[in-house]
Amino acid sequence: MGLRAIAVYSEADADLPFVREADEAILLGPANPAQSYLDAAKVLEAARVSGAQAVHPGYGFLSENAGFARAVIDAGLTWIGPSPEAIEQMGDKINARNLMEAAGVPVAAGTREPVADLEEAVAAAAGIGYPVMVKTAGGGGGIGMGVAHDEAGLAKAFEQAARAASRFGGTSAILLERYIERARHVEVQILGLADGTVVALGERDCSVQRRHQKVVEETPSPGITQELRERMLAAAVRAGEAVGYLGAGTVECLVDADKQDFVFLEMNTRLQVEHPVTELVTGVDLVEQQLLIAAGEKTVPSVAARGHAIEFRVYAEDPKRFFPGPGKIDVWAEPSGEGVRVDSGYAEGNTVTPFYDPLMAKLCVFGQTRAEALERARAAVADFKVVGPKNNLPFCAELLEHPEFVGGDYDTGLVARMRA
Amino acid sequence: MAEVRAEMVANVWKVLVAQGDTVEDGDTLVILESMKMEIPVISEGDGVITELKVAEGDVIQEGDLIAVID
């Protein structure tokens, strides 16, 4: 697109490929995120000294921070994302849930106001019916989430959520929702275009999770009918329209596979880690679309829907208990070939540090059919060589032989069952 | 005597015990943090903490000694 890319980095990431690959890279500060990637003033200063015109917030740290979005705009720069108001409205899970209900998007039975203490939680759970999911209104990445099957479990889950909430500044309220057993996590990619319309670019099934965090994503979802797909896509468009959404966003839903019904879970007001699978089947470059939309270009992407794509998050963690396994990378050899795409953040000789997320690379495969995608995935996982940090490639290989995953009839409990 | 060692590179987020404390099997001694995950380090027996080698904010390597329980 002829744009110059300026990267920002912390001392811990100085040797990583993205620092070299950018046209210019600016050091923000030490490894501690509060002194580097989360320091909005430092990021803005980096933009100023480099003469940047726009800020792409990526998908971590400040990417869903309305205050940062506002600061970028106030500094006279272009914010590549939705309006700060839309981020705020969706950032609070209780507010988002109520807003979606008003827009005609199905939501799970749950609390419409923050739950102040355990006593209130017990009363609310009695009304909703067990099992319930306890979570923090401002949390993400599964932090502070817990399922309670009875009052004793609720006390434990509430205490855990409250601890997580206080750790993130004490501003995060707690909410309760009906928990769906045998749920699939299916999300819809939306794009709010510069002319104000919202389009849906298909769904992603993210039901392979450990600790409520995604490990594998695929599209199309093997667990929903075409009829349900159409209902979900239409609801996601309504969700985007309700907040005047601009740019790339994701409407996350829980699907009751047995009943073929869904409820709104939350909206992510940014690009997702797993966006490549949507790119592979639609032929749309989502980041290019983000940039065009932010530039005010009134173009409508031409969206295909062909084949099947699967992403495996290659994490630096042990493949049995999924505990962090940072370390120096002695060998790094990526697979290649037809239908294989690897987006990686590391190279041989780099060190995976304990400071950030364990994601090292995204291994994506495309096939004309799901069976072909699975076949290519098996070969690609076998060809991916990582020596040094612990990694979950052996888990990926195991998953690709698991009858539930291979058959497509799986839910968010799959990984726990594999490790039971 | 039991030595408690780190299973991975991590930051020491919370230290919940002090030297001289009596602990039981299953008690949480310290909470480590690595890659955005909290990892409680649990006592695998009853005893008294005779040595405590870490403080909050320390970065420890795999195999480093955290505590000795006697």
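UniProt positions here follow the numbering used in this model, feature names are shortened, and annotations may be inferred rather than shown by experiment. With that said, this is a predicted model: local features need pLDDT of at least 70, side-chain atom pairs count only at pLDDT 80 or more, and totals for chains, interfaces and linings use all residues. Residues are numbered from 1 along each chain as its sequence is written, while chains are lettered from A and ligands numbered from 1 in the order in which they are written.

The unreviewed UniProt entry puts "domain: Lipoyl-binding" at residues 1–70 of chain B. The end C-alpha atoms of that span sit 4 Å apart. The span is 54% strand and 0% helix. Helices (H or I, at least four residues) and strands (E, at least two) are DSSP runs, numbered from the N terminus.

Now the pairing, which requires at least two DSSP bridges between two strands. β3(B), residues 22–23, runs antiparallel to β6(B), residues 47–52, over two bridges. Val23(B) bridges to Gly47(B) there. β6(B) also pairs with β8(B), residues 65–69, antiparallel, over three bridges. Here Leu52(B) partners Ala67(B).

Over to chain A. Helices α3(A), residues 66–74, and α4(A), residues 84–91, have axes that come within 8 Å and cross at roughly 175°. Axes are lines fitted to C-alpha atoms, for helices over the stretch in contact, with angles from 0 to 180 degrees between N-to-C directions. The two helices are therefore roughly antiparallel (angles over 145 degrees; under 35 is roughly parallel, 65 to 115 roughly perpendicular, the rest oblique).
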